[in-house]
Structure formats: structure tokens, C-alpha cells
Amino acid sequence: MSKRSEVCRLILTVGLSAMCMGGVSAALALALGINPPRSASRSEQPLVQIGKIPLPGVEGRIDHFGIDLDRRRLFMSALGNNTVEILDLKTNKRVGTIHELREPQGVLYVPAINRVFVGNAQGGAVDVFDGNTLRPVGEVKYTDDADNIRYDASAKLVYIGYGDGAIGVIDASSDKRLHDIKLEAHPESFQLETSGSRMFVNVPDAGYLEVVDRTKQAVIAKWRIEGARANFPMALDEADQRLFITCRRPPQVMVFDTASGKVLARLPVVGDADDMFYDLAHRRIYVSGGEGAISVIDQRDPDHYQVIGRIPTAPGARTSFFVPALNRLYVAVPHRGTQPAEVRVFEVR
């Protein structure tokens with residue numbers, strides 16, 4: 001019997017006449033070797049909310065996070081509340097608060113020296129705290145707007161973006177301010193190579209992505225952001241030489257080749273984004289935006305990408321933190337109206 005005859009017999013057997021009217025049933029699709037469309041279910045989402053951490057009393061905008069992985073502690077910069085909140089990821093509860101800060105934006109925990117570094121927007125100081133007692137042990141003064149913060153473990157250096165255009169360099173062991181790397185305007189998110197000496201820096205007010213040589217302490221290249229503005233979040237796939245940034249106007253992810261500086265792809269994402277992360281294990285990109293969602297992008301290969309999910313969160317939920325070791329994405333939700341402040345916990349599927 002021919003394949004066509006087999007298909008016709010199948011249609012008669014199951015009593016389906018949808019094909020005559022332009023429809024294709026699941027049974028017919030299987031017979032023809034076609035993958036039938038499936039309706040999305042909760043279990044098929046790339047991220048699924050599995051819990052939340054309530055933050056009663058936390059008001060205003062929430063900024064960036066840091067992690068103490070050994071003790072499963074998440075540090076959250078509650079900028080509008082002038083506090084850093086310490087969250088226990090084993091129990092999903094708040095277990096401590098650092099008070100009397102001045103609009104904290106970036107927070108970093110350095111396990112090698114058991115210190116917490118906090119960058120303050122107001123006044124620009126980087127406050128240093130003991131990791132056990134959370135009491136202040138030092139301060140590194142900058143002019144203003146201390147923001148995103150990163151750590152170079154091999155060199156034992158802390159990098160802090162601040163002011164009208166600079167990256168400050170701090171000796172982590174002594175809390176000593178070493179030198180500055182000048183930029184064209186205030187830096188937003190930046191990422192460090194681990195196998196090289198480059199640092200990639202978003203400088204949205206200048207319309208550039210600036211490339212810094214950390215050894216030379218100088219800018220060595222400027223990649224203009226064409227066709228978009230407000231490049232704030234950034235993530236790095238160092239192995240494939242791919243750099244990801246998210247622009248807010250219009251909302252899109254741009255994929256750069258870090259060898260050439262060329263843009264290889266653009267993808268539409270959630271609006272008002274302030275954090276993004278690259279998930280090496282699942283080869284995905286997560287972008288959290290204040291529009292109230294997380295955009296999930298699948299990396300098919302270093303040159304090809306596809307948006308595979310838009311997970312609802314809440315208005316103003318711009319910042320997040322991905323912890324690969326826990327397979328979790330933590331999203332900060334500010335208090336707005338009847339929506340209480342909380343951190344929502346998403347599991348990667």
C-alpha cells in the first residue's frame with residue numbers, strides 16, 4: 001500500500017475530515033512526519049517560579065546583587081531603602097540588613113577575604129564590611145555615583161564604575177584606592193575576561209561600548225552602538241568570544257564578536273532592562289526588565305539566537321541575579337501599590 005493510501009486510511013479510521021478544510025490533526029501530522037504544534041504549559045517554560053523571599057519594610061528602587069555561595073547568602077542593594085538586605089537561599093528568608101547606606105547600587109562579596117563591598121550612589125564611597133559580623137571595616141572614597149562592581153580574583157582587585165566616567169581600581173586586601181581608568185561618560189554594566197586582560201564597559205551616555213586593557217589601564221577600542229540607545233546590562237560568553245548587551249531604546253539584545261567588535265545579531269526583549277546573564281550550561285541568556293517580564297534567549301550556536309520565552313514578573317522588576325551552581329534566577333520586585341517587595345525565585349528548566 002502506498003504512503004498516500006495509508007494516510008487516507010488513517011484519516012477514515014480516526015474519523016477526521018479536518019484536512020479537507022485546511023486543518024492537520026495530530027494523528028495526521030505524525031503520519032506525515034510533521035511535528036504538531038503544542039500549546040505551552042507551565043512545565044515547558046524555560047523558567048518556572050518556585051518560591052519567593054518576602055521583604056517587608058523595604059521601600060523604593062532595588063538595584064544589584066552579590067553572592068556568598070558557600071553560605072548560600074544573597075546580598076541585595078535596596079537603593080531606595082538605603083540598605084543592603086541579606087537573604088538566606090536555603091530557607092528563602094531575610095536574615096540580616098546593613099543599615100545607614102547612601103543609595104547602595106553595586107554589592108560584591110569576596111570569599112577569599114570574607115569582605116562585602118558596597119558602592120553608594122550618594123557621595124560615591126565604597127563601604128567595606130566584615131563578612132561575618134557585617135560591621136564596617138573600611139571605606140574607599142570616590143566623587144559620586146559608585147555603581148556596578150566586579151572582582152578580578154587572580155589579581156585580587158576590585159573594580160568599581162563611578163562618577164562622570166571612570167572605573168576605579170581597589171586593592172581588595174588593603175582597601176587601598178590604586179588608580180582610575182578614564183571613560184567618556186558614566187559606566188553601567190561591565191564584564192572582565194578571565195583568560196585575558198580586557199574589560200568590556202557599557203557607556204550609554206556616550207553611545208559606546210568601550211574596551212579596556214586592564215594591564216595598560218587604558219581604553220583600547222570603542223565600539224559604537226548603532227541603531228539603539230541606553231545600553232545598560234551586559235553578559236559575556238568568553239569561550240565563544242561573544243558579548244551580549246541590552247539596550248532600552250528600542251528594547252533589544254545585541255550580540256558582539258569580541259574579536260572584531262562586529263554586531264552579529266539583534267533580538268527584541270523586555271523593556272526597561274537592568275540586568276542580564278549568560279547561562280553556559282543551558283546556552284541561554286536571561287534579561288530582566290521593569291516592563292514586568294524576563295526574556296529568555298536560546299543560543300543555537302555562537303552566531304544564531306532565538307527568543308524562546310517571556311516570563312511574567314511584576315512592574316519595576318528590573319534587576320536580577322543568576323546563580324549557575326543553584327540553577328536559579330532571583331528577580332527583585334519592588335513595593336508598588338498592593339504588590340509587596342520581594343525576591344522571586346525561578347528555577348531553570
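Mentor: Let's start with a term: two strands count as paired if DSSP finds at least two bridges between them. Keep in mind, too, that this is a predicted model. With that in hand, let's look at strand S27, which covers residues 328-333. Most of this strand is covered, with five of its six residues buried; buried here means under 20% relative accessible area.

S27 has a partner in S26, which runs antiparallel to S27 and is joined to it by four bridges. You can find one of these contacts at Val-323, whose bridge partner in S27 is Arg-328. Between the two strands of this hairpin lie four residues, and Asn-327 takes a positive phi near 60°.

S27 also pairs with strand S28 (residues 342-348), again in the antiparallel sense, over six bridges. Here Val-331 stands opposite Arg-344 in S28.

The pocket holds about 1,400 Å³ of space and is lined by 48 residues. Among those nearest its centre are Phe-321 and Phe-322, along with Arg-150, Gln-191 and Phe-277. By class, the lining has 27 nonpolar, nine polar and twelve charged residues.

Methods: Residues numbered from 1 in each chain as written. Predicted model: local features only at pLDDT ≥ 70, side-chain atom pairs only at ≥ 80, totals over all residues. Heavy atoms only, no water. 1 Å grid on protein atoms, 1.4 Å probe; cavity = no way out; pocket = protein on both sides within 12 Å on 5 of 7 lines; lining within 4 Å. Points joined across faces, edges and corners; volume = space filled by probe spheres on them. Nonpolar A, V, L, I, M, F, W, Y, C, P; charged D, E, K, R; others polar. Buried < 20%, exposed > 50% of the residue type's maximum accessible area, 1.4 Å probe, protein only.
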